[in-house]
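Please keep the sequence and the structure open beside you as you read.

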Amino acid sequence: AVEKGNLEITKLILQKPELEINSILEKSLSSIKQMSVSFQVGFDKHEEKTALYISVDQKSIDIFKLLISQIDISTKLIVELKSIEMIKTNDMKVEKTLLHAALERNCNEIIKILLSNKNLDVNMPLIKELNDAEKNVIEMNPLLYSVIEKNESLVRLLFTNDRIDINAKYVESNINHYEEKSALYKAVEKE
C-alpha cells in the first residue's frame, strides 16, 4: 500500500495490531548485459527498506506522517532510522538514514518532522563502501551531505536544529589513505 502511495489502504492495514510496522522489504535484482560478442557486464543489487523509508523515497508526506505516528518513539525509532536503507551492488554498499533520504529528495516537511524528533541522531552518517581494490569508504553526516550538494536551503534548514554537529568530519579512507574534512573545508573546496 505504501509503495503504491495508497493512504486509505495504509490506514486499514495499520489497524491490525499484529502488524510488524518495522518489517523490511528486501529486493534483489540481477542482470547481465551483453556489451559485445566477448564482453558481458554483470550487475547485482540488493535493497533493504522499511515502509517508512519508502514513504520518504516517494515523497508521500501524508503516509510518512501516518507511519511515524504509529512507531514507538523510543528505541524502535532509533533502530529504524539507523539502517533504514541499505543498497548493495557489486561495486558498492550504501547505508543511509531517513534524514539523508529526505535531504536527497528535498522533502523539507519530512526533514522538519525528523529534526523535531529528540530521539533521532541527526548526525548519523551516510556510509558508502566501494568494493574496489583499495576498499574506499566515505562517511558524511546530513550537514556535510548538504554542503557537498551545495544546497544552501538544506544547510539553513539543518542549522535550525541545535543538535547538528557543525564540526563533524567528512571521512574518506582506504587501505592506504585516511582523510578528514570539515563542513567549512568542503564548502570552500574546489572540485
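This is a predicted model: local features need pLDDT of at least 70, side-chain atom pairs count only at pLDDT 80 or more; totals for chains, interfaces and linings use all residues.

Strands E7 (residues 169-174) and E8 (residues 177-182) pair in the antiparallel sense, with six bridges between them. A hairpin of two residues carries the chain from E7 to E8.

Strand E6 (residues 137-140) runs antiparallel to E7, and three bridges join the two. For a landmark here, go to Ile 138, whose bridge partner in E7 is Glu 172.

**Helices around H3**

Let us turn to the helices. How do the axes of H1 and H3 cross? Helix H1 (residues 7-14) and H3 have axes that come within 10 Å and cross at roughly 10°. Angles under 35 degrees count as roughly parallel, so H1 is roughly parallel to H3. From H1, the residues in this contact are Leu 7, Thr 10, Lys 11 and Leu 14, and they meet Asp 62, Ile 63, Leu 66, Leu 67 and Gln 70 in H3. Sorted by class, the contact of H1 with H3 has five nonpolar, two polar and two charged residues.

Helix H3 (residues 61-70) also packs with helix H6 (residues 108-116): their axes come within 10 Å, crossing at roughly 15°. H3 and H6 are therefore roughly parallel to each other, and their crossing is right-handed. On the H3 side you will find Ile 61, Phe 64, Lys 65 and Ile 68, which meet Glu 109, Ile 110, Ile 113 and Leu 114 in H6. By class, six of the residues in the contact of H3 with H6 are nonpolar, none is polar and two are charged.

| Residue | Relative accessible area | Class |
|---|---|---|
| Ser 23 | 42% | partly exposed |
| Asn 106 | 43% | partly exposed |
| Lys 150 | 57% | exposed |

Ser 23 sits in the loop between H1 and strand E1 (24-36). Which residues does Ser 23 touch, leaving out those up to four places away in sequence? They are Lys 49, Thr 50 and Ala 51. With Thr 50, the C-alpha to C-alpha distance from Ser 23 is 6.1 Å, although the two are 27 residues apart in sequence.

Asn 106 belongs to the loop between helix H5 (98-104) and H6. Its backbone is worth a look: phi of Asn 106 is near 55°, a positive value in a residue other than glycine. Most residues other than glycine have a negative phi.

Where does Lys 150 lie? Its place is the loop between helix H7 (142-148) and helix H8 (152-159). Here too phi is positive in a residue other than glycine, with the value for Lys 150 near 55°. Exposed means over 50% relative accessible area, so Lys 150, at 57%, counts as exposed. Along the chain, Lys 150 and Ala 187 are 37 residues apart, yet their C-alpha atoms are separated by 7.7 Å.

Conventions. Residues are numbered from 1 along each chain as its sequence is written. Side-chain values use heavy atoms; hydrogens and water are left out. Axes are lines fitted to C-alpha atoms, for helices over the stretch in contact, and angles run from 0 to 180 degrees between N-to-C directions. Helices (H or I, at least four residues) and strands (E, at least two) are DSSP runs, numbered from the N terminus. Angles under 35 degrees count as roughly parallel, over 145 as roughly antiparallel, 65 to 115 as roughly perpendicular and the rest as oblique. A crossing is left-handed if the near helix is turned anticlockwise from the far one by less than a right angle, and right-handed if clockwise. Contact means heavy atoms within 4.5 Å. Ala, Val, Leu, Ile, Met, Phe, Trp, Tyr, Cys and Pro count as nonpolar, Asp, Glu, Lys and Arg as charged, and the others, Gly among them, as polar. Buried means under 20% relative accessible area, exposed over 50%, partly exposed in between (1.4 Å probe, protein chains only). Two strands pair if DSSP finds at least two bridges between them.
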